[in-house]
Amino acid sequence: MDNASSNEQNFFEKFGLEVASGEVEIGQTYPIYGMITKLVDDTPGQVVVEINFSIRAHMTIPDEKKVNLLKERAFEPGIFVSTVKSKDEGIEVDCSTVVFGRRQDFNA
């Protein structure tokens with residue numbers, strides 16, 4: 001097991017998490033691991049992003065500085081705490097919280 005896999009395993013053990021597949025249910029809240037792959041609408045207050053090329057996430061972010069931070073962190077891994085709104089034509093969620101990891105310093 002390489003160092004990255006070992007770190008991931010320790011993270012999952014530390015927080016009691018596991019990776020599982022299955023059907024999501026409308027109205028249920030899930031932590032979605034992934035990244036912002038597209039910014040659909042960056043209007044403050046009604047931000048819409050695409051997560052992992054397939055999930056459409058609606059976010060209420062009234063502060064333009066936080067919208068800009070979200071743009072800067074696109075394509076960085078994060079956890080998106082989201083409630084499923086629809087599964088009709090792809091999954092649509094309301095995202096209440098985004099947690100990004102600490103940025104790595106590659107100038108060592």
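Of the 108 residues of the protein chain, 21% count as buried, where buried means under 20% relative accessible area, exposed over 50% and partly exposed in between, with a 1.4 Å probe and protein chains only. The structure is a predicted model, in which local features need pLDDT of at least 70, side-chain atom pairs count only at pLDDT 80 or more, and totals for chains, interfaces and linings use all residues. Residues are numbered from 1 along each chain as its sequence is written, and side-chain values use heavy atoms, with hydrogens and water left out.

The accessible surface of the protein chain comes to about 8,000 Å², as given by the Shrake-Rupley method with a 1.4 Å probe, only the protein chains shown counting as cover for residues. Carbon and sulfur atoms contribute 50% of this surface. Among contacts in the protein chain with a separation of 6 or more, 47% join residues 24 or more positions apart; a contact means heavy atoms within 4.5 Å.

Two helices and six strands make up the secondary structure, helices (H or I, at least four residues) and strands (E, at least two) being DSSP runs numbered from the N terminus. Their order along the sequence is α-β-β-β-β-α-β-β. The six strands form an open sheet of mixed pairing, in the order 1-5-6-4-3-2; two strands pair if DSSP finds at least two bridges between them. Strand 1 (29–34) and strand 2 (36–41) are the edge strands, each pairing on one side only. From one strand to the next, the twist averages 40 degrees, with axes taken as lines fitted to C-alpha atoms, for helices over the stretch in contact, and angles running from 0 to 180 degrees between N-to-C directions.

Strand 2 and strand 3 run antiparallel and are joined by four bridges. Ile 36 stands opposite Ile 51 in strand 3. Helix 2 (residues 64–73) packs on the sheet and touches strand 2, strand 3, strand 4 (55–59) and strand 6 (92–100). The direction of helix 2 makes about 15 degrees with that of strand 3. The hairpin formed by strand 2 and strand 3 has five residues between the strands, and Gly 45 in the turn has a positive phi of about 100 degrees.

Glu 50 lies in strand 3 (residues 47–51). This residue is buried yet has no salt bridge, a salt bridge being a side-chain nitrogen of Lys or Arg within 4 Å of a carboxyl oxygen of Asp or Glu. The nearest side chain of opposite charge is that of Lys 38, 5.2 Å away; Lys and Arg count as positive and Asp and Glu as negative, while His and the chain ends are not counted. Leaving aside residues up to four places away in sequence, Glu 50 touches Met 35, Ile 36, Thr 37, Lys 38, Val 40 and Ile 55.

The count of salt bridges comes to four. One of them joins Lys 71 and Asp 42 (2.7 Å, N to O). This pair links distant parts of the chain, with Lys 71 in helix 2 and Asp 42 in the loop between strand 2 and strand 3, 29 residues apart. Lys 71 is partly exposed at 36% relative accessibility, and Asp 42 is partly exposed at 33%. Glu 76 and Arg 73 form a salt bridge with their closest N and O atoms 2.5 Å apart. Arg 73 is buried, with a relative accessible area of 11%, whereas Glu 76 is partly exposed at 21%. A salt bridge also connects Lys 85 and Asp 94 (3.7 Å, N to O). Lys 85, at 38%, is partly exposed, and Asp 94, at 37%, also counts as partly exposed.
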